[in-house]
Amino acid sequence: MSHAPRRRTRLLQFAAAATLVIATAGCSGGLGGGGSDSGSDEGPIKFGMLAPFSGSESAFGDYMKNGAQLAVNELNADGGVLGRDLELVVEDDACDATTAVAGANKLVTDGVVASVGGYCSGATLPTLPIFDEAGIPMVIPAANSNELVEQQLPGVFLINGTGTQQALAAVTYSEKIGAKTVAAIDDATAYSADLAASFVEQATDAGLDVAFEATITPGENDYSAVATQLANEQPDLVYWTGYYQEGGLIARQAKDAGFDGVFLVGDGSVDAKFAEIAGKGYTENVVGTFTQTPDMIDGADQWIADYTELAGAAPGPYSTQSYDAVRVMAQAIEDAGSTDFDKVVAGLEGLKDFDTFAGPLTFTDDHTLSGGGFVIVAIDPATGAFVLKDDLQD
Amino acid sequence: MQLIWNGLIVGSFYALVALGYSMVYGIIKLLNFAHGDIYMLGAFVGFFTLSAFGISNETSIPLLLVIMLLSMVTTGLIGVGIERIAYRPLRNSPRLAVLITAIGVSFTLEYGVRQLFGPNPEAFPIRLESSGFDVLGMRITASQLVLVVIAAVLMLVLAHIVERTSQGRAMRAIALDPQGAQLMGVNVNRVIATVFFIGSALAGAAGVMAGAYYGSIDFLMGFIIGLKAFTAAVIGGIGNLYGAMLGGLLLGLLESFGSAWFGGEWRDVFSFAFLILFLTFKPTGLLGARVVERM
Amino acid sequence: MSALLEVRDLRLQFGGVKAVDGLSFEVREGEILAVIGPNGAGKTSAFNCISAFYLPTSGSVEFDGNRIVREVPAFWRNLGLTHLLQSFGFYRVLPSRVTKWGMARTFQNLRLFRELSVLDNVKTAMHANLREGFWSTLLHTPGYRRAEAACAREARGWLDFVGFAEDENLYVTQLPYGEQRRVEIARALATSPKLLLLDEPAAGLNFNEKQSLMELIRKIRGMGVAVVLIEHDMGLVMELAERIVVLNYGKEIADGTPDQIKNDPVVIEAYLGVDEEEGGAASAVQADGGRS
Amino acid sequence: MATRLDHALKHAPLRAPSPLFDRPRAPRGVFTSQTGFLRALGGLAVVLLLVLPFLDASRYTMSIATSALIYVMLCMGLNVVVGFAGLLDLGYIAFFAVGAYVSGIFTTVLGFPMWLALIATICACVLAGIIIGAPTLRLRSDYLAIVTLGFGEIIRITANNLEITGGPSGIHGIPSWEFGGWSFDDGFSIGGIEFPGYVVFYYFVALVVVVVGVIGAGRLGKGKMGRAWKAVRDDEDAAEAMGINTYVAKISAYIIGAVWAGMAGQLMATHLSAISPNSFQFLYSALILMAVVLGGMGSTPGVIIGALFVSLAPELLRDFAEWRFLIFGVLLVVVMLFRPAGLWPATAVLPWLKRQKPQPPPFTSAVSAIDGEPTVPPSVMESVDGLPATDAEEGRQP
């Protein structure tokens, strides 16, 4: 016992000595060598993408990856960017802050020059400072919580319409169908709560009267409480901002409970699974707010074909956004003529009416989409898939 | 009124799962964490067989019953297997070890299913047509009625087994005093296996019913309901079957009202807080045997 | 010789079973008292009440001027909150407190700390009178080192005292049964008791071990510690005890010197009479249990 | 000397006769004594950790190394609760969350410097430990498990639904440590070697976690308090009979565990600069428990190994992220079945030291022959003596 501290001090001295030796040796990649984080100037240009490949959201990861990969392949096919090939580096963020930060650091270490990923707002937020510090511009395809741009980091761009814009589309539609009273339900995830809040806000501004704003716990089965509430309050339109699983259940249970208003869902719920879960005869008055998907745009069949060939599966949510994210970033680098942070950011800001699935793209001052390009989709009773119903252009 | 009815529906699910919990706990004092996942497993067995036959959007009740029996047998056997592999070797080791094993089993089941069927929720192929009608202020749907009836039948069957048959007597004997029962020539292992079979079968049935009623199943559906079922079992007095049923219904009602008053997001907080208070002041539950006063 | 422990009309009831039914006796300082009785006579239950492990239904236990059984005010009792209050530590004495007052006990079936070394087992018993704080432990202050050293010295002293011959660093599970018994007694002594309750210390010991046990108990008494032992082994009891209390069905049926007890018709009728069959079977069972 | 030793003990009426013969002093030195070897091992580990950044200072390495160290801290805390005191806590991540959120809120919302937040964190965790422990520690082990689990969920859901905790997207922009004007983010350079902020922070965390966490928990585990914990774990009644107030012992273990977790949480918040509720799900409680069980409950080196495994495995096999929990689940079962004491059991003796321990001499009596037989549960004994089996079994085994 009594001699313990002596040994420890000796050890520490040894440690210090060893440290110094190695420090002076200055190994590459180590502190001595001052390992640099910025990407190299030869070889392919690396785009990094953080997306969920494990955890509850893992389905969306593949949609995003394949979309981006398709864009990369196409760009490489006609000469790449700045005469260099593009390479897509994908990391898992599991929708969890810890994993996301590790992944982001891994991308930085791998020397990516641009980030085209980000699905869960909660997992994307902590990665912003990392990419910012490393001087890596981000074009975020899916995550679109307003908090992402609130920090006003120079390199952060959103090409998925923000909650505000989607909520605006929802409100516009409500007015269009002449709804008087509306309600909002979210599933307590960052994006969903955000969207519901801004829907309620804008609806109130638009003079609609908001019956109630409810929050449910995702991952359960029984939502009879909120269903009953809907049946009792009978709003003309209810806006569900969460994902399709709970969405389908709520739509079904609400109808069983006797609710017969319009069931408007956010983009998280726009998926063929919605109809399956809700079941036959529960989807007549289900509509959704969504950015256009290729099957809604004439002449996009070729794109779908290409995607399906690449991925072996049909495109899903955020495939197009990821595809566009890569193209936007590539274009900006092309314009900037280099992968230098400031130049690329300037390039992104300078983009004018760049053609994307969501229509011509121009970034606003706060680096979000000017339009948002949200449309109203409805469920096709035959296939259960969502199809374009109203592009809200008039 | 509506709240009460909703509560009863959820409660009957809790009760079915809680029964298994309570039986297993009563007989080998093991908190079987994996029980909720057996429930999930039941749903997936049903899903698998149905989609294997390419059935989808079916609405026939007989088919539902067939499938239910099938997955009851399957989950029952799985339950027995789990007991044999994971729990029996540890019967004489400290509780902590067995508990941790149970958690391990639970993880294995959940993520095993996840690997087999993928992380996304699946739509259950059988749906009960649910034309709603109003009775004294409550909106009741046919599917809900079917559900309650099946649950009630299952519970009655169980009650009969435990009360009337020799197996049941053996169970109660072991629950009271394992060594004593063994001395009396009861084949403890066989009885415990039976208990696991029955408990798991009930959970499996509940799983199928949930699938048919709600329509969507996923690999984590068992976790929360497992916790709730345990809460129900404790409230009713763990180890006591009628307690489990009572507790299940009670918890269902509590949640139904709780989420109506505090809002859905606080529902779990509400029921867990209730559990904690309950355990603090009446650890033996409503119908539980009163333990001797000691330190 | 004033009374060290006074038990008055002690009653303990489990549901219908009257485990202890109006037991009264007293222990004088520095004497060896044996409590005997057929199985199920409620000896261990009585022990558990005296050492505050069970809360008796009624009766009073006074040890060295401290009341071990507390009265729950009628008000609460009528409200039926007795159990609740006592489970929260109101109107009751914790066994640890009783131990601090100077009453140590061993258990019928060995209850050593299985994952602690022999030395640590004994050290643990000195918890109450060891000067160690949180910070001194964290910082390994000289005070802490002294306390640990003193603690170890004391513990070794007790191990030697009970004639423990093995390596003190072994885990108790590595020890033969007899040695485990010794360690348990050493552990009890390390709490520096005035009164030592031994619950069937001879259960499962062979002849030689019993001899050395008797010697040890006399040695303990020699240090001025009163000893109360529950024992089935009549030979040992008759040879060792100065006074014997006989229980049957939770009631005290006799109290006196070994000779008085030997010739007490009631006792013979209730106990010794059936010793051949029942006692034999009983001690067999005890031996089993001893091996836990 | 002797008198000072006596003074070290409180007055006790009965004193042991001084030892009859001097037992051989425990051997010292690196390879001849358990403690010596472990200390050397620990020292070696510290050296390696100190050297690491000079070999590879890439952000990725630094960040996973930092997370790993935080996990070690966390697991040391849980080890006190589960390993030492034998209290199964399935909501342990809640304390981690409390630490992370308290420091997050103090620094971002209230704008305090981090060191103040640290103090606040510790206080908050002590408080949380008491609030959670006080009502529930009287419960039997399995009830305790479910209740702690419930608490974990409650904390998470609450954090998810409150305004001040930033709701579902949590808190972001948590500053790093700063003293006066200088913040860790600035980094500094010594002798021409540039130390970026994250490396400095890594060093800081390494020091705090390894030195305070491991050594501190280890020391507490060896002292009076630690013996009390282990006694409670092994046999609650016997512990009580030894004059240990088991309730106090339990709650002290619980509080210490809470504080360790809180400090870990605080470090994690600073490390990630952002925290969100879904980092505090039950899964992570289970993971930490897994680390402790796998490594060996109550064994410091074992737990460290477990922590490193659990935190590094998912990073090293990122591509198998899908399989991670399945693997963990199977591992838990297998470990419990075949190596219940973990990879490095607390009772482990270094293989080359085993020989030196004298084995008990061959014992010839009838008793020792059946010494090794399986335990007969106490219930039999009690019931033989007229007590119902139930009450005697309460809370006896963890």
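Q: What separates the centres of domain 1 of chain A and domain 2 of chain A, taken over C-alpha atoms?
A: The separation is 29 Å. Domain 1 comprises 45-160 + 318-363 and domain 2 comprises 164-294 + 375-390, and such bounds come from an automatic or database domain assignment. This is a predicted model, in which local features need pLDDT of at least 70 and side-chain atom pairs count only at pLDDT 80 or more, while totals for chains, interfaces and linings use all residues. Residues are numbered from 1 along each chain as its sequence is written, and chains are lettered from A and ligands numbered from 1 in the order in which they are written.

Q: How do you know that residues of domain 1 of chain A are in contact with residues of domain 2 of chain A?
A: A contact requires that the C-beta atoms of two residues, placed from the backbone, lie within 7 Å. Nine residues of domain 1 of chain A are in contact with eight residues of domain 2 of chain A. On the domain 1 side, two are nonpolar, seven polar and none charged. In this classification Ala, Val, Leu, Ile, Met, Phe, Trp, Tyr, Cys and Pro are nonpolar, Asp, Glu, Lys and Arg are charged, and the others, Gly among them, are polar.

Q: Why is helix α9 (residues 224-233) of chain A called largely enclosed by the rest of the structure?
A: A residue is buried if 20 or more other C-beta atoms lie within 10 Å of its own, exposed if 12 or fewer, and partly exposed in between, with C-beta atoms placed from the backbone. Eight of the 10 residues of α9(A) are buried, so the helix is described as largely enclosed. The buried residues include V226(A), Q229(A) and L230(A). The buried residues of α9(A) pack against elements of chain A, among them β6 (181-186) and α10 (244-257), and also against α1 (2-28) and α10 (241-262) of chain B.

Q: What makes α13(A) and α14(A) roughly perpendicular to each other?
A: Helix α13 (residues 319-336) and helix α14 (residues 341-350) of chain A pack at about 115 degrees, with their axes 8 Å apart. Axes are lines fitted to C-alpha atoms, for helices over the stretch in contact, and angles run from 0 to 180 degrees between N-to-C directions. Angles under 35 degrees count as roughly parallel, over 145 as roughly antiparallel, 65 to 115 as roughly perpendicular and the rest as oblique. The pair α13(A) and α14(A) is therefore roughly perpendicular. By class, their contact has six nonpolar, two polar and two charged residues.

Q: Why is α11(D) called oblique to α12(D)?
A: The axes of α11 (residues 282-295) and α12 (residues 300-316) of chain D come within 7 Å and cross at roughly 135 degrees. That angle makes α11(D) oblique to α12(D). The contact of α11(D) with α12(D) has 11 nonpolar, three polar and no charged residues.

Q: What is the handedness of the crossing of α11(D) and α12(D)?
A: The crossing is right-handed. A crossing is left-handed if the near helix is turned anticlockwise from the far one by less than a right angle, and right-handed if clockwise. The crossing of α13(A) with α14(A) is also right-handed.

Conventions:
Helices (H or I, at least four residues) and strands (E, at least two) are DSSP runs, numbered from the N terminus.
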